[in-house]
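Subject: Structure for your review

Dear colleague,

Please find below the structure I am handing over to you.

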Amino acid sequence: MGYQYITPEIEEYIVKMRRYFHENPELSWEEVNTQKKLKEELESMGLEPEIVAKTGLIAVINPEKDGPCLAIRADIDALPVTEENNLEFASKNTGVMHACGHDSHMAMLLGAAKSMVNMKDKLGKVVLLFQPAEEFIKDSGAAHVVKEGALEKKGVDRIISIHIWNQIESGKATISPGPLMASADTFKLVIKGKGGHGAQPHTTIDPIPIGALIVENFQHLISRVKSPMNPQVLSVTAFNAGNTENVIPDNAVLLGTCRAFDNDLRDRFPQMMEKVIKGICEANGADYEFTFYKGTPATINEEESAILGNKIAKDIMGEENVLELPPQMVGEDFAKYLVEIPGCMMLLGGKSQVCNTPHHSATFMIEEDNMKTGAEYFVRYALEYTNK
């Protein structure tokens with residue numbers, strides 16, 4: 001138990017890097033200065049980073065070595081949130097904030113890299129991936145990394161990552177085989193009716209009650225079509241129609257999201273939903289346009305990967321501090337790697353008595369003491385996996 005590879009000097013470096021990135025956040029696909037800073041840091045360690053997925057970077061420790069190859073991923077983008085924390089290193093970019101912990105993810109991987117470079121003769125091949133645009137559901141960075149074949153070209157056999165998690169106390173973590181996070185897809189439905197006078201509804205095809213019927217039947221779909229043993233979410237999050245009191249509009253627009261822990265079940269959502277939409281619209285004389293945007297699949301930790309991660313986490317933190325938690329309904333584009341490559345994600349506690357606001361909030365903050373744990377985990381995992 002304890003820290004063998006993250007020295008006080010490296011811990012100080014991790015905190016420094018995290019505060020730099022927190023102060024200088026950039027949105028998805030705009031991480032130009034973040035990429036530049038990461039490149040400078042990696043080059044200072046003697047590594048040769050390459051651009052991946054437009055604004056990301058990939059670097060390899062011991063590229064010449066054969067044997068098992070581990071990739072470690074950190075996401076690098078921030079959110080369109082105006083920070084309300086009173087910090088010396090608060091965001092300098094108005095309306096942009098690291099409100100999900102990606103600043104700490106970058107810092108932990110840089111700290112781990114610094115440690116691994118100093119003892120690379122004891123390691124096998126390790127790929128460091130700094131991925132952009134995790135927060136951009138419709139066109140996330142992981143999909144671009146996979147499409148470019150960046151990990152395949154480096155011979156990656158397994159991939160791991162960490163997400164800071166403020167629903168867990170600092171000093172604790174969770175990592176288990178099986179579902180960790182849900183799929184995250186979105187949809188848009190345009191109901192095309194026929195507008196007219198609010199006092200003469202019989203001359204119209206009113207899209208509002210048609211939309212209301214669809215929303216109601218979506219709830220029946222979730223409660224009566226899917227198994228109660230297999231959690232799903234279908235949420236209509238916007239219903240926009242009309243703008244005045246006495247006019248029935250032509251159209252109504254519904255927006256929403258779907259979540260599931262089963263990727264096969266997730267793939268059935270569009271067909272199940274359109275069956276409901278088509279039936280109601282046809283019965284009421286309306287047309288429609290339905291678009292289902294595939295985001296990220298469910299994040300499912302591969303068994304062997306997660307078992308090793310669980311063991312390492314317990315070695316560092318103590319068995320009592322590695323928790324069993326139910327899967328979370330939020331999504332994570334790390335799942336796109338797990339479809340192609342075995343791997344796992346650990347949730348690392350970030351909450352403390354003074355840092356307990358939720359992810360994506362304007363007052364989100366983490367406990368910095370836990371970052372050395374994440375960096376230590378990365379180093380130990382790389383040592384055990386690449387030397388097996």
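The notes that follow concern salt bridges and the exposure of the residues that form them.

Please bear in mind that this is a predicted model. It holds 16 salt bridges, and I describe some of them here.

In helix α2, which spans residues 32–44, Lys 39 and Glu 43 are 4 residues apart, about one turn of the helix. Their salt bridge has its closest N and O atoms 2.7 Å apart. Lys 39 is partly exposed, with a relative accessible area of 34%, and Glu 43 is likewise partly exposed, at 39%.

In helix α10, Glu 376 and Arg 380 are also 4 residues apart, about one turn of the helix. Their side chains meet in a salt bridge with an N to O distance of 2.8 Å. Here both Glu 376 and Arg 380 are buried, that is, under 20% relative accessible area.

The side chains of Lys 311 and Glu 384 form a salt bridge, at 3.1 Å from N to O. Because Lys 311 belongs to helix α8 (residues 303–317) and Glu 384 to helix α10 (residues 371–386), this pair ties together parts that are 73 residues apart in sequence. Glu 384 is partly exposed, with a relative accessible area of 32%, and Lys 311 is partly exposed at 38%.

Finally, salt bridges also link Arg 18, Arg 19, Asp 103 and Glu 368 in a network.

Yours sincerely

Terms used:
Residues are numbered from 1 along each chain as its sequence is written. This is a predicted model: local features need pLDDT of at least 70, side-chain atom pairs count only at pLDDT 80 or more; totals for chains, interfaces and linings use all residues. Side-chain values use heavy atoms; hydrogens and water are left out. A salt bridge is a side-chain nitrogen of Lys or Arg within 4 Å of a carboxyl oxygen of Asp or Glu. Helices (H or I, at least four residues) and strands (E, at least two) are DSSP runs, numbered from the N terminus. Buried means under 20% relative accessible area, exposed over 50%, partly exposed in between (1.4 Å probe, protein chains only).
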